[in-house]
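These are my notebook entries on a structure I was asked to examine.

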Amino acid sequence: MKKTFIVLAFLGGITLAFAQVNTGILPLSFQKGILTKEEFQKVQITPPVLTKIDQEDEAAAKNGTFLSIAKLMPVNLSIENSGTWSIANNGRSVWKLGLSSVGAQGCVIHFDRFELPEGSQLFVYNPDGSVILGPFTSADNPERLSYSIGMIYGNEAILEYIAPLSKIANG
């Protein structure tokens with residue numbers, strides 16, 4: 001997951017349907033006693049200017065075009081410049097990052113380049129753990145193009161990346 005940038009979609013009041021991946025596999029932080037460090041970085045994303053969105057929607061309605069249901073909020077976040085690394089009791093390296101945006105009805109995580117090494121896993125979930133998307137693996141985007149991960153309802157999402165075992169062996 002090198003130099004992967006995350007974009008948080010700020011969703012308005014309209015509900016979107018996204019396919020959700022829920023395999024029954026839990027992130028390491030959900031497994032009792034696995035992680036030794038639970039604190040992690042949380043980033044507040046500045047929400048879009050709603051008056052501007054309202055103006056755009058008014059213009060769209062007059063022109064007969066589609067109204068906005070989401071806004072991409074570009075951020076320059078990656079495992080190199082954000083988040084918190086921990087070593088789990090089982091020796092796995094785990095990176096976590098919390099994202100939130102005041103007023104958002106949902107969060108969709110979009111990567112401008114989605115590249116996961118063989119043996120790694122990525123989960124996206126809400127703070128109470130009632131919705132877990134993943135694990136996403138290297139098989140999910142073999143061409144390493146842009147990639148969006150389904151919706152987490154509410155204004156917060158947590159990303160948890162579990163590095164491949166080779167990262168431990170290679171340092």
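**Entry 1: aromatic pairs.** I searched the whole structure, which is a predicted model, and found 5 aromatic pairs. One of them joins Trp 85 and Tyr 161 edge-to-face, with 6.1 Å from centre to centre and 85° between the planes. I noted that Trp 85 lies in strand 4 and Tyr 161 in strand 10, so this pair ties together parts that are 76 residues apart in sequence. I then looked up accessibility: Trp 85 is partly exposed at 33%, whereas Tyr 161 is buried at 3% because buried means under 20% relative accessible area.

I also recorded the edge-to-face pair of Phe 136 and Tyr 147, at 6.2 Å centre to centre and 75° between the planes. Phe 136 belongs to strand 8 and Tyr 147 to strand 9, 11 residues apart. Both residues are buried. Together with Phe 111 and Phe 114, Phe 136 and Tyr 147 form one aromatic cluster.

**Entry 2: Arg 113.** I located Arg 113 in the loop between strand 6 and strand 7. The side chain of Arg 113 makes a polar contact with that of Glu 115 at 3.3 Å.

**Entry 3: Asn 126.** Is Asn 126 buried or exposed? I found Asn 126 to be buried, with a relative accessible area of 10%. Asn 126 sits in the loop between strand 7 and strand 8. Its side chain makes a polar contact with the side chain of Asp 128 at 3.0 Å.

Notes
Residues numbered from 1 in each chain as written. Predicted model: local features only at pLDDT ≥ 70, side-chain atom pairs only at ≥ 80, totals over all residues. Heavy atoms only, no water. Helix = DSSP H or I, 4+ residues; strand = E, 2+ residues; numbered from the N terminus. Polar contact = N/O pair within 3.5 Å; in protein donor to acceptor, adjacent residues only side chain to side chain. Buried < 20%, exposed > 50% of the residue type's maximum accessible area, 1.4 Å probe, protein only. Phe/Tyr/Trp six-rings, centres within 6.5 Å; stacked < 30°, edge-to-face > 60°.
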